[in-house]
Amino acid sequence: FFFFFFFSYTIKGHGLPLAGHRDNHGLFLAPQQFNKLRTKLGLTEANEWAPFSGLADPSAVRALCEAAPIHRNVPTRNHGLAERIAIPIDLGGLAAAPTSTQAAFGAVLKAIAHTDCTFADRLVSACPDVTTTTGLSAFVNKRGVFGSEESKDPFKSAKAHSLSNWSRRPSGQHIELGIAENNLAQLLSALGLSAPLFGHRLFPIGTLYDPFISRALDTLTFGAYQDSRFMLVGTPSGVTLSPEGGAHQSFNTPVMMMAMPNLRGYEPAFADEVQVVMRDGFERMQLPADEGGGSVYLRLSTRVLTQPDRELLRDCELHAHVLAGGYWHVPPDARTTTALVFAGALAPEAIEAQRLRGPATALLQITSYDALASEWQRAGTRSHVHTLLSGLPRKARLVTVLDGNATALSWLGSVHGHRTIALGVQAFGQSGDLVDVYCAHRIDTQAMLEACEEA
């Protein structure tokens, strides 16, 4: 037996005076060297930027490009964001029973999958190996997995027990990637450019465990840089998923996503918030950039919470506040000495801490620290967060808490100059019961009460 190995190297700057030079990342050609290169390539100053210049047979290359199928059958070049798809006002999927934000996400997608409309047909889901544990199962069961040819689900054919039906067909609307978070980001970025490139809008939705966003962060950055439009769902998240072990816990994604341009992040606590945020996200994916358009990131949880008794779609003011980034559960008044501010899955602990503290403590929920911070930097005293905190007495103190890095909320004290104590996850996670894990990270009810006393 003979084995052959081929090692290929790229010589940076091949054919140039700086070829292979260790300093060539910061070197430039001198004018004389550049002129020599131009002449070598058969170019002049007049035609150096003209298409196909310098080629041996420009007309043949031009004809080859013009004959390509993409030119014959698909309109190319930039189409802007002209195509608008109607989105139902009520996406459905809500139930009064206790549920998690991840389950609510899956229920909304299930309801959409069962509708007969253009919007539902334009959804494309994708996932790196965790489809069944990130809320996509019902959507995939109904809409199918994409494949160039029809094929039955091999698990069903083998009569293996599974709640999923992964039959493949050309009309399937889910793409399964395996464990490949970077590929997911590349796919979302490409699908999210379908409207400006081809005049045909898609609504790409990608799910992955929240901590593994970091694996795809570089590619996500380039997708946002291109103004691609997609919905990225990090779920489950935080130390709240502690039974799965410390390696699956995320703590820095709130800050990472806050720093990403063209990507609006939300961390809802309740199911009805998930529904309205998703709908707004789909609308945002269609808007021009100068009207607030962009991609959307949802940080969700598998923690089951009792749901508030309200009709969010009918409460126009509350609906607007959820989308703007935050609202008061217990608003401040002249007696208020402390405002407890929370986000996401820690709602029960925050609500209980406020109840124990009584009327001197106000309770504020943040649904998007990203939206609040961005608008505050842009609009200042005209921002939603400035208005939210304007009713808080100047001597009152803020105590902020979330299942993530504390800096995502700690800046709130800067809006009106309130002294702030910020609670959050500052260390790698531990596996255990939520009561113990929350206590270890000082994000439980007792830690909130102690912070309020200290404030």
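The model is predicted, so local features are taken only at pLDDT of at least 70 and side-chain atom pairs only at pLDDT 80 or more, while totals for chains, interfaces and linings use all residues. Residues are numbered from 1 along each chain as its sequence is written, and side-chain values use heavy atoms, with hydrogens and water left out.

I start with the whole chain. It has 20 helices and 13 strands. Those are DSSP runs, numbered from the N terminus: helices are H or I with at least four residues, strands are E with at least two. The C-alpha trace spans about 85 × 60 × 55 Å along its principal axes. Of the 455 residues, 47% are buried. Buried means under 20% relative accessible area, exposed means over 50%, and partly exposed is in between, with a 1.4 Å probe and protein chains only.

The accessible surface comes to about 23000 Å², and carbon and sulfur atoms hold 57% of that. Accessible areas come from the Shrake-Rupley method with a 1.4 Å probe; for residues, only the protein chains shown count as cover. On contacts, meaning heavy atoms within 4.5 Å: among those between residues at least 6 apart in sequence, 72% join residues at least 24 apart.

Now the start of the chain. Phe3, Phe5, Phe7 and Tyr9 make a nonpolar surface patch of about 680 Å². Patches are made of residues with over 30% relative accessible area and no salt bridge; like charges are joined within 9 Å, and nonpolar side chains (Val, Leu, Ile, Met, Phe, Trp, Tyr) within 5 Å. Tyr9 sits in the segment before helix H1, which covers 31-40. Its relative accessible area is 73%, so Tyr9 is exposed. H1 itself is hardly covered, with one buried residue among its 10. Just after H1, Gly42 takes a positive phi of about 75°.

Next, Thr101, in helix H4, residues 101-113. Thr101 has 3% relative accessibility and therefore counts as buried. Which residues does Thr101 touch, not counting those up to four places away in sequence? They are Pro268, Ala269, Phe270, Val274, Leu300 and Ser301. The Thr101 side chain also reaches the backbone nitrogen of Ser301 at 2.8 Å. That is a polar contact, a pair of N or O atoms within 3.5 Å; within protein, one must be able to donate a hydrogen and the other to accept it, and residues adjacent in sequence count only if both atoms are side-chain atoms. Thr101 and Pro17 are 84 residues apart in sequence, and their C-alpha atoms are 59 Å apart in space.

On to salt bridges. A salt bridge is a side-chain nitrogen of Lys or Arg within 4 Å of a carboxyl oxygen of Asp or Glu. The whole structure has 17 of them. One of these is between Arg299 and Asp210, with the closest N and O atoms 3.1 Å apart. Arg299 lies in strand S8 (295-299) and Asp210 in the loop between strand S5 (203-208) and helix H10 (217-225), so the pair ties together parts 89 residues apart in sequence. Both Arg299 and Asp210 are buried.

Another joins Asp272 and Arg310, at 2.7 Å between the closest N and O atoms. Asp272 is in helix H12 (271-284) and Arg310 in the loop between S8 and helix H13 (316-324), so this pair ties together parts 38 residues apart in sequence. Asp272 is buried at 9% relative accessible area, whereas Arg310, at 23%, is partly exposed. Salt bridges with shared partners also join Arg84, Arg279 and Glu283 into one network.

Last, two loop residues. Ser368 is in the loop between strand S11 (361-366) and helix H15 (369-379). Its relative accessibility is 0%, so Ser368 counts as buried. Setting aside residues up to four places away in sequence, Ser368 touches Arg264, Gly265, Tyr266 and Gly325.

Asp444 is in the loop between helix H19 (434-440) and helix H20 (445-454). The side chain of Asp444 does reach the backbone nitrogen of Ala447, at 3.0 Å. Leaving aside neighbours within four places in sequence, Asp444 is in contact with Glu349, Tyr438 and Cys439.
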